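I set out below what I looked up in the structure, entry by entry. The sequence and coordinates come first.

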Amino acid sequence: MSEEREGRRDDELNGDAGDVVAGRITIRQGGARSVRAREVSIRQGGAIRLQADSVDITQGGIVFARADRMSVTGGGTAVAIAAKADLKASAATVVLARDAAALEQAAAGVLVARSARVADSAVGVVIAGRVEGTNVRVLFGWREALAFGAAAGAALWLLSGFGRRRR
């Protein structure tokens, strides 16, 4: 079932929808292909693409989200771009925070922020101006990521060079 909802009023969505445009939207146990709104609340649901001023997700997921303020509790996101991002008991592949990111009992593949506060979490790569952490597992800091990238680039260059000589 695909539908498009537009309007400035508050809207609650149960079930599946296509493109949703509203002032304030709540998705409960449903999903949407695309959501644009000032305020979005997702409870046990999801969206593929989301753009909003404020996003609050509880036990839900988003593939690509862009917001000024984003809070994810017990959920997940592939890509989160926000001015301020808070993840609690959640997972994200990429978190890009213009100002601040806070992770509590969460996991992120890549975390890029002006300042990051990480507690009881695991992060693959952290790039931040300021990092506060307690009980954090980081796979790569910026130095390690730079060294890994240089080594991977050199290895690929060598492999491509040997491939040309054999022909």
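What percentage of the 167 residues in the protein do buried residues make up? I found that buried residues account for 37% of them. I note that I was working with a predicted model throughout.

**Entry 1: confidence.** I looked up the pLDDT before anything else. The protein has a mean pLDDT of 85, with 86% of its residues at 70 or more. Residues 1-9 have a pLDDT below 50, although the model gives this stretch 23 contacts beyond near neighbours in sequence.

**Entry 2: overall layout.** I counted one helix and seven strands in the protein. Along the sequence I read the pattern β-β-β-β-β-β-β-α. I then took the contacts with a separation of 6 or more, and found that residues 24 or more positions apart account for 1% of them. The accessible surface of the protein is about 9,600 Å², and carbon and sulfur atoms hold 53% of that surface.

**Entry 3: strand pairing.** I followed the bridges from β5 onward. Strand β5 (residues 76-88) is joined to strand β6 (residues 91-104) by eleven bridges, and the two run parallel. Within this pairing, I81 has L96 in β6 as its bridge partner. Strand β6 is also joined to strand β7 (residues 107-140), again in parallel and through eleven bridges. Here I found L103 opposite V118 in β7.

**Entry 4: nonpolar core.** Which residues touch the most other members of the largest nonpolar core? In this core of 36 residues, they are V35, V40, L50 and V55. I checked where the members come from: β2 (10-43), β3 (46-58), β4 (61-73), β5, β6 and β7 each supply at least two. Strand β2 gives the largest share, nine residues. I then listed the contacts of V40, leaving aside neighbours within four places in sequence: I25, V35, L50, A52, S54, V55 and D56.

**Entry 5: D86.** Is D86 buried or exposed? I first placed D86 in strand β5. Its relative accessibility is 17%, and the cut-off for buried is under 20%, so D86 counts as buried. The side chain of D86 makes a polar contact of 3.2 Å with the side chain of K84. Not counting residues up to four places away in sequence, D86 touches M70, S71, V72 and A102.

Note on methods
Residues numbered from 1 in each chain as written. Predicted model: local features only at pLDDT ≥ 70, side-chain atom pairs only at ≥ 80, totals over all residues. Heavy atoms only, no water. Helix = DSSP H or I, 4+ residues; strand = E, 2+ residues; numbered from the N terminus. Buried < 20%, exposed > 50% of the residue type's maximum accessible area, 1.4 Å probe, protein only. Polar contact = N/O pair within 3.5 Å; in protein donor to acceptor, adjacent residues only side chain to side chain. Contact = heavy atoms within 4.5 Å. pLDDT = per-residue confidence, 0-100. Pairing = 2+ DSSP bridges. Core = buried A, V, L, I, M, F, W, Y, C linked by side-chain atoms within 4.5 Å. Areas by Shrake-Rupley, 256 points an atom, 1.4 Å probe, with all protein chains shown as cover.
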